[in-house]
Amino acid sequence: MSEVASADEGTGPAKADASPATVRPVPSRSVSLARGLSTKLLLLTIVFVLLAEVLIFLPWIASYRLAWLKERLSTAAAVSIVLVQGEPNSLSRAAQNDVLMAIGAKAIAVRDGGVSRLLVVAEMPPQVDEHIDIANVGMIKGMTGALDTLFFGGKRMLRVFGPVGDSDKEFELIMPDYSLRNAMLRYSRNVAFVSLLISLFTAMLVYAAIDLIMIGPIRTMTRSMLSFSEAPDDPSRIIHPAARADEIGVAERELSQMQERLQKMLAEQKHLADLGLAVSKINHDMRNILASAQLMSDRLRLVKDPTVQAFAPKLLRALDRAVSYSEGVLAYGRTQEPAPSRRRLRLRQLVDDVHGLLDIEDGIEFVNAVELAFEVDADSDQLFRVLTNLCRNAVQAMAADSESALVRRLAVSAERIGSVSRIIVTDSGPGLPPKARENLFAAFRGSARSGGTGLGLAIAHELIRAHGGTVELVESIGGRTTFAVTIPDQPVRLDQARTGLRRPA
């Protein structure tokens, strides 16, 4: 936020107009431990292991519940066999109560040959809430019953029955479920404690392994990128990739190569910027010198010497080309063109102004085919520069043809397609060479003639792109070259349209 504040203080009066919504928080260049990948990985590992333990816990608790009930039923079966083989009244009431208390039951019965016999009973409950057949408890039924007992049990009466061992008898046990629920709660607590220990231990192992294999190298790459961004021209800030064959190794090598390429590119661009500044200064002074020479050379036309009259036009054209070259380099050397100030323009008048500025030789015909009422939404100065560059290139291309029988014509026309204006510049020159077409809008590489700079098309492309339009080569063959400049109208903002509708006539 200190950087934002200092930037605002430098703007002077504009600071009062800035709304709080335009001030965006500066993203941090460092990551705290609580928000780092290592902490997130550790927490996710613990959560996932605990989730797996929960899924495993369901069959465990169901199995524990069934084993607990089988154990009680087996104890009751052993007591029942002793009672069946002994005298009916061999156990006193006190002994029966002791047996039932040891098992935690209210009554014990045995079914043999379809006949049920109540062997020991302390207090017969008025009703039984749940009947559990030990031999027919499935996995789903066992898990749902275990959860039901664990969360809602403690005050229910159970009837547990089924065969025990290889005996052909079926034993029954009437008992409350509070002892079962208490045992299940203790078991669950122990399982939860062990699961938490397993989760922590597993998370630490996974964290250590992944931190060594992935997080550590990623942290190294992050630090390298931050360090490189602070001083891209420092070779020591380039990351040294490890000799790994996996994805991390590939990423480190690619990052190292990218930083090297970026460093070379920045160095080249710095050299080019310094060279461009020097060239701009030289061209600025050269333009002034050439302008003075151009003024003095105009007086040569007044000299009656035939030799001077023969060489004067050539000298003037050479000076004109030199001045144009200097102005083009200076225009392209600007850091940024101003944003277009768009208005509705009468294109035919603008084309006439371009025609008046061009130094067209005799034998070159200029045709302004734009309709008188045609309008275009553009910046007049910038569109004038675009059309001047295109037309001057066409005139220079046709001026190179010395044969008098050739048709040398430059025509400018326009058409509208919906809200898009399309300006067409056509000449009957020799056409563009292949090299110029490959580097059409590249400065210093897209020139169609020897000694040219290619700045005209580069500047035209930049200016029209600022309008949201395009400059394209439609056709270039011997005897016909056509450029099309496409400029869309400005979109109308909804709030401005509403304001215009509300304004009284």
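Predicted model: local features only at pLDDT ≥ 70, side-chain atom pairs only at ≥ 80, totals over all residues.
**View 1. A five-stranded open sheet with mixed pairing.** The strands follow the order β7-β9-β10-β12-β11. The edges are taken by β7 (365-368) and β11 (470-477); each has a single partner strand, so one side of each lacks a neighbour in the sheet. From one strand to the next, the twist averages 15°.

**View 2. Pairing of β11 with β12.** β12 covers residues 480-488 and runs antiparallel to β11, with seven bridges joining the two strands. Within this pair, Glu-475 is found opposite Thr-482 of β12.

**View 3. Helix α8 on the sheet.** α8, formed by residues 347-357, touches β7, β9 (409-417) and β10 (420-427). The direction of α8 makes about 165° with that of β7.

**View 4. Helix α9 across the sheet.** Residues 380-399 form α9, which lies across β7, β9, β10 and β12. Relative to β10, α9 runs at about 20°.

**View 5. Packing of α8 against α9.** The axes of the two helices are 10 Å apart and meet at an angle of about 50°. An angle between 35 and 65 degrees falls in the oblique class, so α8 is oblique to α9. The crossing of α8 and α9 is right-handed. On the α8 side the contact is made by Leu-347, Leu-350, Val-351, Asp-353, Val-354 and Leu-357. The α9 side contributes Ser-380, Leu-383, Phe-384, Leu-387, Thr-388 and Cys-391. By class, the residues of this contact comprise nine nonpolar, two polar and one charged.

Key. Residues numbered from 1 in each chain as written. Heavy atoms only, no water. Pairing = 2+ DSSP bridges. Helix = DSSP H or I, 4+ residues; strand = E, 2+ residues; numbered from the N terminus. Axes fitted to C-alpha atoms, helices over the stretch in contact; angles between N-to-C directions. Contact = heavy atoms within 4.5 Å. Parallel < 35°, antiparallel > 145°, perpendicular 65-115°, else oblique. Left-handed = near helix turned anticlockwise from the far one by under 90°. Nonpolar A, V, L, I, M, F, W, Y, C, P; charged D, E, K, R; others polar.
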